[in-house]
Amino acid sequence: MASRIINKINLPIIQGENIHVGCSVGAAVWSPDGADTIKTLRLADEALYISKRSGKNRITFEAAC
């Protein structure tokens, strides 16, 4: 899903113009049996900043236990 979002965002916005938009995605997998939602949100935020530091158009996932 994240790859599809990044691919769509990378499409030209204005035809005939050289405008490029990038996207970094950070996500965390949450389980009702496992970690609390605050921890999961923190993991997603950490994953986002890992993506941003790694370069453009990156996806990083973290798993909450």
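Me: Where does I19 lie, in this predicted model?
Reply: I19 lies in the loop that runs between helix 1 (2–9) and strand 1 (25–29).

Me: Why is I19 called partly exposed?
Reply: Its relative accessible area is 34%. Buried would need a value under 20% and exposed one over 50%, so I19, at 34%, counts as partly exposed.

Me: What makes I19 part of a nonpolar patch on the surface?
Reply: A patch takes residues with over 30% relative accessible area, and I19 has 34%. I19 forms the patch together with I13, I14 and V21, with about 320 Å² of accessible area together.

Me: Now to helix 2. How do you know that S51 counts as buried?
Reply: The relative accessibility of S51 is 0%, and buried means under 20%, so S51 counts as buried. This serine lies in helix 2 (residues 37–54). Leaving aside neighbours within four places in sequence, S51 is in contact with S24, V25, R58, I59 and T60.

Me: Which residues of helix 2 are buried, and what makes them lie on the same side?
Reply: They are T40, L43, A44, A47 and S51. Because these residues cover an arc of only 100° around the axis, they are on the same side of helix 2. Strand 1 and strand 2 (59–63) are included in what covers them. The face turned away from that buried side carries the exposed residues L41, R42 and R53.

Me: How do you know that the span of helix 2 agrees with 1.5 Å a residue?
Reply: With 18 residues, helix 2 should span 26 Å, and its end C-alpha atoms are 26 Å apart, so the two agree.

Key: Residues numbered from 1 in each chain as written. Predicted model: local features only at pLDDT ≥ 70, side-chain atom pairs only at ≥ 80, totals over all residues. Heavy atoms only, no water. Patch = residues over 30% accessible without salt bridge, like charges linked within 9 Å, V, L, I, M, F, W, Y side chains within 5 Å. Areas by Shrake-Rupley, 256 points an atom, 1.4 Å probe, with all protein chains shown as cover. Salt bridge = Lys/Arg side-chain N within 4 Å of Asp/Glu carboxyl O. Helix = DSSP H or I, 4+ residues; strand = E, 2+ residues; numbered from the N terminus. Buried < 20%, exposed > 50% of the residue type's maximum accessible area, 1.4 Å probe, protein only. Contact = heavy atoms within 4.5 Å. Expected span 1.5 Å × (residues − 1). Arc of directions from axis to C-beta.
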